[in-house]
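Trainee: I have the model open. Let us go through the terms and test each one against its cut-off.

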Amino acid sequence: MNTFLGILTLGFIILIHEWGHYIAARLCKVRVDVFSIGFGPRLFGIKRGDTDWRLSAVPLGGYVRMAGQDITDIDSSAESKPTGAPDELLSKTRWQRAFISFAGPAVNLIFPLVLLGLYYSFSGMPADSFLAQPIVVAGTPAAQQDDPNALHNGDHIISVNGTKNPTWEKAQLALSRATPGSKVSVEVSNNGATREFNLQLPTPLTSHLLGYAPIPASVGEVALGTPADNAGLREGDVVRAVDGQPVQYWDQFVELVRSSGGKTLQLSVDRKGQPVAISVTPKQGIADGSEKNYQIGIQRQFSLTYTRVSPVEAFKSGAIETGSLVVQTVDVVGKLLSGRVSVKNLQSVVGISRSAGQAVSHGLFFIISFMALISVNLGILNLLPIPILDGGHILLLTLEGIRRRDFSLTFKERFIQVGLVFLLALIAYVMYNDVGRILHIHS
């Protein structure tokens, strides 16, 4: 059921994309013959004006069919071939056609900002629950336990650089404002004794200045085909020990994996109250070929708390998050093109639907986050200058504008055919890898 709901979620994002094309077409006074929710045979619908608003058999996304749509377009049909009427797509100027092509990806990039802004406005800003907790130091090296100017395990932090009774969030903020290599004043209490000292900050700042954050070593998402998946780790597992060494915190577990050197680790895991022994071999470059850290392909479980914010702050945060997703997506595309990230890491509709189903099972925030991520990905990828994608159409129109005349119909057909063959081959390859990961046919 969750996977089906995930497919509908994915379909909705595609529908948003097509809605962008529709709005731009109407602004440019292009007649839209069909706006379909889903693909395949028409089930039912209603005709309003020139547009047949229909529900089709396969509920994965949808499409817009414009009058006089280029016959090289795979969605074109006999009734959409150009006749020269002024309300047809090919009767419009190149910049108008480019605008219509750009509008779909543009709406995909705007949609997450609106979606996240509305969610934060009504539900509040989510944050890790541990950030609101007071700080009790854990996981500091044994060598510094006798150093009076260092943090000791069990220290309760009373102040950091003037911030009294800081939570993890406030302490991290205070430290981030300090200059690397400088000293910050710290006051702690331990077993009834109070100490004040100046803590020397390293250069650069590290993530464990205050010891391990109080995040349990609980497994969240397990990526398909990774060492963790192949070893049998499952969502909800809690790691209790690695090679006999007790594990209490998530960051502690991450350090042990990264320092493994690729050696097989023996994990003691708590699975729904039952002890389970698992052997897992960390690998380098699971997601990024240039990544030197050893990983096993899991994320931690998240416990969230919400803070009420104003609508202005909510939409500002939504814009920042959307911008971050855009930067991350562009970075991944760049790594794909440079070979630093393998095409094997891409997901087809099979893998994306599975991920969508997992998001549905985790709750509303994860559904919203997944929708934002997929919408940004769809927007960026559709802008790539690949024939048949929106970016390919824009490229073709740009080249025609530079040469001040259209390419021949034969050239356009070949241009689209090359893109179609490339995309079909890529989809088949990615889907093969997705199915292989699900069935554990290959790693």
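Mentor: Start with the helix pair. α6 passes α8 in a right-handed crossing.

Trainee: What makes the crossing of α6 and α8 right-handed?

Mentor: α6 and α8 meet the clockwise case, so the crossing is right-handed. Before we go on, the ground rules. This is a predicted model, where local features need pLDDT of at least 70, side-chain atom pairs count only at pLDDT 80 or more, and totals for chains, interfaces and linings use all residues. Residues are numbered from 1 along each chain as its sequence is written, and side-chain values use heavy atoms, with hydrogens and water left out.

Trainee: Why are α6 and α8 called oblique to each other?

Mentor: Look at the angle. α6 (residues 311-338) and α8 (residues 364-382) pack at about 50°, with axes 9 Å apart. Axes are lines fitted to C-alpha atoms, for helices over the stretch in contact, and angles run from 0 to 180 degrees between N-to-C directions. Under 35 degrees is roughly parallel, over 145 roughly antiparallel, 65 to 115 roughly perpendicular, and the rest oblique. About 50° falls in the rest, so α6 and α8 are oblique.

Trainee: Which residues of α6 and α8 meet?

Mentor: T322, L325, V326, T329, V330 and V333 in α6 meet A372, L373, V376, N377, I380 and L381 in α8. Contact means heavy atoms within 4.5 Å. The residues of this α6 and α8 contact divide into 9 nonpolar, 3 polar and no charged. Ala, Val, Leu, Ile, Met, Phe, Trp, Tyr, Cys and Pro count as nonpolar, Asp, Glu, Lys and Arg as charged, and the others, Gly among them, as polar.

Trainee: What makes α2 roughly antiparallel to α9?

Mentor: The axes of α2 (residues 94-123) and α9 (residues 390-403) cross at roughly 160° and come within 9 Å. Roughly 160° is over 145, so α2 is roughly antiparallel to α9. The α2 and α9 crossing is left-handed. R94, R97, A98, S101, F102 and P105 of α2 make the contact with D390, H393, I394, L397, E400 and G401 of α9. Those residues divide into 5 nonpolar, 3 polar and 4 charged.

Trainee: Why is G273 called exposed?

Mentor: Its relative accessibility is 52%. That is over 50%, so G273 counts as exposed. G273 sits in the loop between β11 and β12.

Trainee: How do you know that β11 and β12 pair?

Mentor: Two strands pair if DSSP finds at least two bridges between them. β11 (residues 265-271) and β12 (residues 274-280) have 7 bridges, in the antiparallel sense. So the β11 and β12 pair qualifies. R271 stands opposite Q274 in β12. β11 and β12 form a hairpin with 2 residues between them, and K272 in the turn has a positive phi of about 55°.

Trainee: What makes β10 and β12 edge strands?

Mentor: The open sheet of 4 strands runs β10-β9-β11-β12, with antiparallel pairing. β10 (245-246) and β12 each pair on one side only. β9 (residues 238-242) pairs with β10 over 2 bridges. V242 has Q245 as its bridge partner in β10.

Trainee: And the other sheet: why are β5 and β7 at its edges?

Mentor: An open sheet of 4 strands has the order β5-β4-β6-β7, with antiparallel pairing. β5 (163-164) and β7 (193-200) each have a single partner strand, so one side of each is left without a neighbour in the sheet.

Trainee: What counts as a helix or strand here?

Mentor: Helices (H or I, at least four residues) and strands (E, at least two) are DSSP runs, numbered from the N terminus. On that basis the chain has 10 helices and 16 strands.

Methods: Buried means under 20% relative accessible area, exposed over 50%, partly exposed in between (1.4 Å probe, protein chains only).
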